[in-house]
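Work through these exercises with the model open. Each task is followed by its solution.

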Amino acid sequence: MKRVSNPGRRPWWRRLTAATGMLTLVATALVGGATTPAQAAPWTPKPAPMTTPWTAQVPVDNPLPEYPRPQLTRPDWTNLNGIWDFAVTGRDAGQPSAFPDRIRVPFVAESALSGIQRRITENDKLWYKRAFTVPANWTGRRVQLHFGASDWQTTVWVNGTQVGAHKGGYDAFSYDITPQLNGGTNTVVVSVHDPTQTGGQAVGKQRINEVTPHPGGGIFYTAASGIWQTVWLEPVAASHLTRLDMTPDLGDSTLRVTARAAAAGGRSVRVTVSSGGTVVATATGAAGAEISVRLANPRLWSPEDPFLYDVRAELLDGATVVDAVGSYAGMRSIATSKVGDVLRPVLNGQFVFQTGTLDQGYWPDGIYTAPTDAALRSDLQAHKDLGFNMVRKHIKVESQRWFYWADRLGLLVWQDMPAMDTAKTPDAAARTQWEAEYHAVIDQHRSSPSLVMWVNQNEGWGQYDQARIADEVKAYDPSRLVNNMSGVNCCGSVDGGNGDVVDNHIYVGPGNTAPTATRAAVLGEFGGLGYKVPGHEWYPGGGFSYEDQPSLAALNDRLVGLLDSIRVGQLPAGLSASVYTEITDVENEVNGLLTYDRQVVKADAARVRAANQALIQASRTPAPPVTLPTGQYISLRVTTPGHTNKYLRHFEQLAHTAVVDSGSDGLLKNDATWKVVTGLANGNCYSFESRNYPGEYLRHRDFRVRRDADDGSALFKADATFCTVAGTGGVRLSSANLPGSYIRHINSDVWLATPGGGHAWDNPATFTEDTTWAVAAPWAP
């Protein structure tokens with residue numbers, strides 16, 4: 001077992017290296033503590049169910065001090081994270097007269113790091129209160145109060161006056177609070193009502209459960225109620241920039257920038273792009289209109305070279321700069337294109353297999369909020385260390401700093417829109433809210449170069465209007481791929497039939513997802529191999545997985561076997577991406593490559609990295625699919641040295657290998673001859689019909705390969721379907737319903753064998769040779 005070292009923080013993005021230290025000092029020095037009753041005890045966190053390497057590193061008064069919005073930076077800001085007064089009332093109650101508790105913002109009330117750690121239900125309302133002062137040098141500017149995210153219905157008062165109300169759990173929101181400020185000590189009060197799965201809103205994997213470890217829960221986890229991202233103040237000019245929408249266009253080497261602004265009054269915007277402090281391009285245009293900044297020979301962003309340009313946007317009144325913001329951008333393209341007659345996603349015009357993991361974004365100490373910025377970065381770095389080039393952010397939207405680290409480290413991101421509850425058909429109000437929040441999420445992250453695909457819905461959870469939504473998301477952000485439904489083959493989901501990819505979920509997989517003429521084939525979820533590490537279980541003995549492994553060695557053998565099978569089988573057959581479940585254990589799920597506390601790396605990093613690198617390298621020159629002559633008779637010859645005169649035959653219904661030559665009798669030659677037909681369960685694969693028993697097929701049952709009559713059942717058709725994988729000197733035949741398991745001969749018997757499996761017929765000796773069959777002329781034409 002390998003333990004995670006406590007990673008030190010790397011330097012910030014170039015343009016903010018100097019500014020960040022200054023900004024943190026401002027945030028620390030200028031904000032007063034929360035008003036606290038004199039009798040209140042000193043605040044302390046609650047004991048976390050599991051401690052991560054960063055649990056003890058969270059400052060009491062200034063948690064998450066980093067600048068929260070890396071793609072729209074200004075030098076002045078004040079962090080309001082820290083200790084706030086706190087109360088819980090009934091959902092319909094007004095502001096309480098007393099706030100008896102204290103909470104560390106921005107950690108949710110259910111978490112240990114918040115200091116509250118209590119179950120919040122749909123009948124509760126959360127109340128937050130703190131005092132703050134505005135720095136004197138902000139005089140004359142407008143003061144914005146920002147919330148990175150708060151789940152779910154949030155109302156805000158400043159000095160007793162309501163300044164706004166927001167619905168949504170995953171998008172940022174802000175209010176201009178200048179009219180409410182009094183010039184001295186100010187008070188902000190926030191209420192939040194979060195019905196979690198009992199409401200109709202986007203909820204993701206959250207469920208109202210006990211907040212301390214308990215059995216059960218399955219694939220759903222502890223709810224995260226209230227403020228869960230940074231709260232902060234920022235001074236701006238009356239006329240100021242509000243957002244930069246940046247889209248690279250490699251066709252003409254331009255960065256297309258739309259600078260959104262408030263009270264712009266026809267002002268212009270100057271955009272300057274730099275590299276290492278040297279200006280490489282500049283352009284000026286109207287605020288709110290697209291500005292094309294042409295870059296000569298742009299350096300392209302990719303997982304291998306995640307190069308970021310510095311961007312500065314200035315709002316101009318004539319020649320006077322009235323507002324300026326810093327940002328960054330990556331030059332890259334993402335699209336689909338035919339590669340060797342197979343539709344595939346192409347990055348910067350080139351196909352590269354996207355191999356990633358499912359990332360739930362949960363923490364045992366902070367639940368929805370990583371304890372520190374270094375912790376937030378660490379999960380992404382773990383992907384890189386394991387050789388993955390992609391991450392699917394599953395049913396959650398992270399802070400802008402998470403996207404910054406994905407941009408900076410070089411990981412392709414598939415971003416899910418958090419689902420509504422699985423058990424409901426959303427009504428009109430829920431649909432309107434969900435779509436509005438989705439648009440806000442797209443706007444918030446549309447300039448991140450790492451983000452290459454929007455995943456609209458998952459496994460039918462809260463599904464509706466799949467095709468319409470896919471078309472609308474594509475129109476709203478045509479610069480990215482759109483996945484109308486991840487897991488179209490699962491759980492009653494309805495495929496909209498459109499979007500850029502067709503996405504299957506296959507456990508353990510990897511299965512055989514086929515591309516179409518209009519959609520690339522991706523494997524949105526597979527794997528789920530489990531291993532419980534003693535001393536690192538959320539609820540000891542309560543964990544589950546899709547396939548338990550008896551040891552770490554078995555886990556790694558099986559995992560590498562799955563990645564290798566994608567490389568040799570699914571990639572040539574047309575698969576273009578895969579998402580392994582999952583990067584870390586989560587509560588009672590023990591499918592992680594790391595434990596939930598991030599203390600133990602279960603995967604053999606070197607082996608997994610090598611397997612991923614081999615997969616990615618193979619995709620640069622993908623082999624053509626292996627085809628068989630449908631409708632014709634063949635014989636299958638053994639390729640194992642010393643046995644190459646043997647053929648696959650049936651005898652008393654069981655499959656064996658036997659020596660067949662020109663002198664063999666007619667019965668043996670018939671037994672060793674098979675008709676190749678289109679796969680009974682999968683048209684991209686094959687079935688093998690007996691020459692002398694028409695209507696009977698080669699199939700597996702209880703791992704033994706045999707000849708049986710088609711009984712018309714779906715199980716039989718799946719058992720009798722095999723997909724071709726290239727082998728040295730022949731073809732390997734992988735089970736359609738147990739992908740990664742192959743027809744293998746051993747001691748003249750024929751079995752369905754699995755690399756790394758625990759049966760005698762899975763013996764690794766000569767495994768590849770024993771599972772490779774030469775396609776020969778039929779003994780009985």
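**Exercise 1.** Decide whether R598 is buried or exposed in this predicted model.

*Solution.* Start with the relative accessible area of R598, which is 1%. Buried means under 20%. R598 is therefore buried. Finally, check the backbone. Phi of R598 is positive, near 60°, and the residue is not a glycine. For context, most residues other than glycine have a negative phi.

**Exercise 2.** Which kind of peptide bond joins Y507 and V508, and which kind runs from T581 to E582?

*Solution.* Read omega for each bond. Between Y507 and V508, omega is about 0°, and the bond is cis. From T581 to E582, omega is near 5°, and this bond is cis as well. Most peptide bonds are trans. Now locate the residues. V508 sits in the loop between β31 (501–506) and β32 (520–527). E582 sits in the loop between β35 (575–581) and β36 (600–601).

**Exercise 3.** Count the aromatic pairs, then classify the pair F307 and Y309.

*Solution.* The count is 29 aromatic pairs. Take F307 and Y309: the ring centres are 4.8 Å apart and the planes stand at 90°. Planes over 60 degrees apart count as edge-to-face. The F307 and Y309 pair is therefore edge-to-face. Both F307 and Y309 are buried.

The distance is 6.0 Å centre to centre, with 70° between the planes, and the pair is edge-to-face.

**Exercise 4.** Which residues form one aromatic cluster with Y170, and over which ring does the charged end of R446 sit?

*Solution.* Y170 forms one aromatic cluster with Y221, W228, Y362 and Y368. The charged end of R446 sits over the ring of Y476, 4.9 Å from its centre. Also, R704 lies over the face of W751, at 5.3 Å from the ring centre.

Conventions:
Residues are numbered from 1 along each chain as its sequence is written. This is a predicted model: local features need pLDDT of at least 70, side-chain atom pairs count only at pLDDT 80 or more; totals for chains, interfaces and linings use all residues. Side-chain values use heavy atoms; hydrogens and water are left out. Helices (H or I, at least four residues) and strands (E, at least two) are DSSP runs, numbered from the N terminus. Buried means under 20% relative accessible area, exposed over 50%, partly exposed in between (1.4 Å probe, protein chains only). Rings of Phe, Tyr and Trp (its six-membered ring) pair if their centres lie within 6.5 Å; planes under 30 degrees apart count as stacked, over 60 as edge-to-face and the rest as tilted. A charge sits over a ring if NZ of Lys or CZ of Arg is within 6 Å of the ring centre and within 35 degrees of the ring normal.
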